[in-house]
Amino acid sequence: MFQIIVAEFKHETNTFSSQRTDFAAYRRSLYAVGDDLVSILTGTATEVGGMLDVLEGQPDVSLIPVVAANAIPAGPVAADVFEDIRGKLVDAIRVHGPIDGILLCLHGAMVTENSEDGEGDLLEAVRQAAGDGVWIMATLDLHANNTQKMSCCADVLINYDYYPHADMVDRGREVAQIMLRTLRGEIRPAMVCKSIPLILPPLSTNEAILRPYVDQMHAYEAADGVLTVSIAHGFLCADIHELGMTVVAVTDQDPERAGEIADELAAKLWQDRQRLKPENMTVDEALDEAERSAEGPVILADLTDNPGGGSPGDGTHILRAMISRKMKNAAVALVCDPESVAACVQAGVGQTVRLLLGGHIYPDLLGQPIECDAYVRLISDGRYRNRGPMSGGIVVDLQKSAVVLVDDIEVIVTTQVTQPYDVEIFHAHGIDPARKNILLLKSTNHFKAAFGPLAKRVLNVSVPGLLAQDPRSVSYINCRRPIYPLDDL
Ligand SMILES: [Zn+2]
């Protein structure tokens, strides 16, 4: 029997956020120990869901579920959380040994209170506890800053192929299959990682410039002996020394071929570096364009207050402009503002209440609170289940929430925050997104997976915020230099 450990420990850390990521933050999103990991994640469109799908029922596998922990992106992960998860993994390796394989679902941009390389430290501890003979393989987000320590301590790393990340479950299945084939002696993975001194702005893999890279990765993978190829885009809001892009190539016992693939892709990315930037609009450009559109819904993407990148989701720049233009038949997901929710609950459904909406956490950066009279249309428990394709099946808990009407703009106001990339956030709040002229979403690219089919147009709006869109606007302290585009390379 092959003894295989499965665990998840994820965080995308925005080092410019002052909101600490503590145990409470993990408990709000995901913190499951032992068999709870299996019962919560089986059948979900997540990496662990994919791993379980491949491994469960295999006659030669004994599965050891250890822990699954995930929290919404924000500031550094508290030291006690990191030590808890690392301790659980190291203990499991000792208690259940001998272990044959360790499958981890990580993010790759975790910064903790004590370390700028959370995943590197975790993998190092796992490697030390397990020894050199144990296969350690991990999935990573596409927005990972893959570090040297991570690639030294793991045998196989697989970043997502896509942004939006619609392939979480596929990458989970892929890594589990590589693990099984390796343990059964069919293959012997050899990995090469090549770092590129390049900070990429948030850019979808569906953009014309990046799509050919995904095709090229798949073409490499179709060849005999090539197991998996990934491009880590990096996360530009984690100010660490090894910030940047990385190409990862894994072959069957052929490090030379893996090196060639990594070199080819890295050279091509470097050649394209000046073209690797998104096309964004100012608020006024976007609202003019939205008002001109005959057909809805037009989606306004609030890129810089995206909670999926560690922003608090209470920014007001775009909503304020929409209110002042009295835009018609619009809906907003979301404004995270527990005080306003409490005021709505106190006033009650059907009442009009004076709110200071949003703008409480970083008013100087994300916009001041909006003073407005809001009609309370609905109070909700804020819970819904994602329909997918990203994280389908996972329950989101925004805690108590309210839908308020400001003129003809319906705003979902919440106690907890999430990146609103699933249409269910609207349905759960009694709003049919397909029938709106305008949807304002605090999301970058991810929403396109679910909202793409119903959107008539998508407008990317860049306002001042915590999730920078241009690396040159960020005050880096730790990031290695020289690096493009901070330096003229
Ligand atoms: Zn990502």
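Valine 214 sits in helix H8 (residues 211-222); helices here are DSSP runs of H or I with at least four residues, strands are runs of E with at least two, and both are numbered from the N terminus. Before going further, note that this is a predicted model: local features need pLDDT of at least 70, side-chain atom pairs count only at pLDDT 80 or more, and totals for chains, interfaces and linings use all residues. Residues are numbered from 1 along each chain as its sequence is written.

Leaving out residues up to four places away in sequence, valine 214 touches Asp161, Tyr162 and Thr205, where contact stands for C-beta atoms, placed from the backbone, within 7 Å. Valine 214 and tyrosine 162 are 52 residues apart along the chain, yet their C-alpha atoms are separated by 7.8 Å.

### Two domains

The domain assignment gives domain 1 (2-275) and domain 2 (283-469); such bounds come from an automatic or database assignment. Their C-alpha centres lie 31 Å apart. Where the two meet, 24 residues of domain 1 are in contact with 26 residues of domain 2. The domain 1 side of this meeting divides into 13 nonpolar, 9 polar and 2 charged residues. In this count, Ala, Val, Leu, Ile, Met, Phe, Trp, Tyr, Cys and Pro are nonpolar, Asp, Glu, Lys and Arg are charged, and the others, Gly among them, are polar.

### The largest nonpolar core

A nonpolar core is a set of buried Ala, Val, Leu, Ile, Met, Phe, Trp, Tyr and Cys residues joined through C-beta atoms within 7 Å. The largest one here has 165 residues, and Ile5, Leu103, Met137, Ile299, Leu300, Val332 and Leu440 touch the most other members. Strand S11 (residues 330-336) gives the largest share, 7 residues. Both domain 1 (2-275) and domain 2 (283-469) give residues to this core, so it lies between them. As for methionine 137, its contacts beyond four places in sequence are Leu103, Ala154, Asp155, Val156, Val175, Ile178 and Met179.

Strand S10 (residues 298-302) is largely enclosed by the rest of the structure, because 5 of its 5 residues are buried. Val298, Leu300 and Asp302 lie on one side, Ile299 and Ala301 on the other. In a regular strand the side chains alternate between the two faces of the sheet.

Strand S17 (residues 409-414) is mostly covered too, with 6 of its 6 residues buried. Ile409, Val411 and Val413 point one way from S17, while Glu410, Ile412 and Thr414 point the other way.

The table lists how these strands pair; two strands pair if DSSP finds at least two bridges between them.

| Strands | Direction | Bridges |
|---|---|---|
| S10 and S18 (residues 438-441) | parallel | 4 bridges |
| S10 and S19 (residues 457-461) | parallel | 5 bridges |
| S11 and S17 | parallel | 6 bridges |
| S16 (residues 401-406) and S17 | antiparallel | 6 bridges |

Isoleucine 299 stands opposite leucine 439 in S18 and opposite valine 458 in S19. Valine 411 in S17 is the bridge partner of valine 332 and also of valine 404. The hairpin of S16 and S17 has 2 residues between the strands, and aspartate 407 there takes a positive phi near 55°.

### A sheet of three strands

What is the strand order in the open sheet of 3 strands? The order is S7-S9-S8, with antiparallel pairing. Strand S7 (189-196) and strand S8 (226-232) stand at the edges with a single partner strand each, so one side of each is left without a neighbour in the sheet. Strand S8 is joined to strand S9 (residues 245-252) by 6 bridges, and valine 229 has alanine 249 in S9 as its bridge partner.

### Further along the chain

Helix H11 (residues 317-324) has His317, Ile318, Leu319, Met322 and Ile323 as its buried residues. Just after H11, lysine 326 takes a positive phi of about 50°.

Valine 353 belongs to strand S12 (residues 352-357). Valine 353 is partly exposed, with 18 other C-beta atoms within 10 Å. Not counting residues up to four places away in sequence, valine 353 touches Ala343, Cys344, Ala347, Ala374 and Val376.

Methods: A residue is buried if 20 or more other C-beta atoms lie within 10 Å of its own, exposed if 12 or fewer, and partly exposed in between; C-beta atoms are placed from the backbone.
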